[in-house]
Amino acid sequence: MRLPNNAHTSRPWRIHELTPDFRLEDVWALPTPGGPDDFPRLVQQFASADPSQGLPAAARTLWALRWKLGELLGWDRSATGVGSRVPALRDRLPADLRDAPPGPEFDSLPFTSLYLLEDEWAAEAANRTMHGVMHIGWVPDGNGAYRGQMAVLVKPNGLFGTAYMAAIKPFRHLIVYPPLMRLIGREWRARASDPVPAHG
């Protein structure tokens with residue numbers, strides 16, 4: 001379920017210190033109910049995910065088209081990424097976050113972990129179109145349990161990036177995100193008996 005922006009901005013997340021020049025693009029309640037100690041399992045699920053394998057045909061087609069365009073037009077070359085076109089947000093981390101575990105490496109998605117806390121995890125990615133942050137939090141649901149919450153923050157790359165983000169917005173909201181949320185929920189239920197991983 002999509003949430004209002006203040007579901008993210010009203011919480012004292014550490015990511016706010018690092019992204020004052022980023023735009024909050026989306027906030028989503030994740031279908032991942034759990035207890036106070038289940039956040040590491042959610043982090044591992046995201047880090048190991050390959051959405052292109054579990055989404056329905058329309059969303060998979062859009063996913064594949066985006067990567068094919070990126071390949072043909074050079075949007076995803078290393079020269080457009082973190083540490084090349086844009087400085088890594090890790091360079092902005094205060095001392096306590098630099099000393100915190102960075103979080104897991106991603107199996108398939110083009111993100112790099114920034115930091116991992118007890119209830120908050122952030123990762124960044126960049127390409128020709130934008131510099132983006134995926135923020136995952138673990139929040140009380142008001143009924144004695146917890147659930148995941150995902151925020152997407154972006155800094156578009158100039159007029160081209162702004163136009164690109166505007167053009168894909170309806171496709172993300174109508175075709176990609178709804179089945180992605182269902183996929184996250186299915187995987188969460190399937191992993192319910194998995195051991196909780198440790199990250200250092």
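Arg23 stands opposite Val154 in strand β5, and 6 bridges join strand β1 (residues 23–29) to β5, the two running antiparallel. Strands here are DSSP runs of E with at least two residues, helices are runs of H or I with at least four residues, and both are numbered from the N terminus. Two strands count as paired if DSSP finds at least two bridges between them. The model is predicted: local features need pLDDT of at least 70, side-chain atom pairs count only at pLDDT 80 or more, and totals for chains, interfaces and linings use all residues. Residues are numbered from 1 along each chain as its sequence is written, and side-chain values use heavy atoms, with hydrogens and water left out.

- Strand β5 spans residues 146–156 and is mostly covered, with 8 of its 11 residues buried; buried means under 20% relative accessible area, exposed over 50%, and partly exposed in between (1.4 Å probe, protein chains only).
- Besides its pairing with β1, β5 pairs with strand β4 (residues 130–140) in the antiparallel sense over 11 bridges.
- Within that β4–β5 pairing, His135 has Ala151 of β5 as its bridge partner.
- The hairpin of β4 and β5 has 5 residues between the strands, and Gly142 in this hairpin takes a positive phi near 85 degrees.

**Strands β2 and β3**

- Strand β2 (residues 112–116) is mostly covered, as 4 of its 5 residues are buried.
- β2 pairs with strand β3 (residues 120–126) in the antiparallel sense over 4 bridges, and the two form a hairpin with 3 residues between them.
- Two residue pairs can be located in this pairing: Thr112 stands opposite Glu124 in β3, and Tyr115 stands opposite Ala122 in β3.
- β3 is largely enclosed by the rest of the structure, because 7 of its 7 residues are buried.
- Glu120, Ala122, Glu124 and Ala126 point one way from β3, while Trp121, Ala123 and Ala125 point the other way; all are buried.
- β3 also pairs with β4, in the antiparallel sense and over 7 bridges, and a hairpin of 3 residues joins the two strands.
- Glu124, which stands opposite Thr112, has Val133 as its bridge partner in β4.

**Helix α3**

- Helix α3 (residues 39–48) is mostly covered: 7 of its 10 residues are buried.
- Those buried residues are Phe39, Arg41, Leu42, Val43, Gln45, Phe46 and Ala47.
- The buried residues of α3 pack against strands β2, β3, β4 and β5 and against helix α6; contact here means heavy atoms within 4.5 Å.

- Arg66 lies in helix α4 (residues 57–73) and counts as buried because its relative accessibility is 15%.
- Leaving aside neighbours within four places in sequence, Arg66 is in contact with Trp75, Asp76, Asn127 and Tyr164.
- Leu180 is found in helix α6 (residues 158–190) and counts as buried, since its relative accessibility is 15%.
- Not counting residues up to four places away in sequence, Leu180 touches Pro51 and Leu55.
- Leu180 and Pro56 are 124 residues apart in sequence, yet their C-alpha atoms are 9.1 Å apart in space.

**Whole protein**

- The secondary structure comes to 6 helices and 5 strands, in the order α-α-β-α-α-α-β-β-β-β-α from the N terminus on.
- The radius of gyration is 16 Å, which agrees with the value near 16 Å for a compact globule of 200 residues; this radius is taken over C-alpha atoms, and the globule rule is 2.2 Å times the number of residues to the power 0.38.
- Along the principal axes, the C-alpha atoms fill a box of roughly 45 × 45 × 30 Å.
- Of the 200 residues, 45% count as buried.
- Among contacts between residues at least 6 apart in sequence, 67% join residues at least 24 apart.
- The accessible surface comes to about 10100 Å², of which 57% belongs to carbon and sulfur atoms; areas come from the Shrake-Rupley method with a 1.4 Å probe, and for residues only the protein chains shown count as cover.
- There are 22 positive and 21 negative side chains, and the centres of the two sets lie 9 Å apart.
- Lys and Arg count as positive and Asp and Glu as negative, while His and the chain ends are not counted; the place of a charge is taken as NZ of Lys, CZ of Arg, CG of Asp or CD of Glu.
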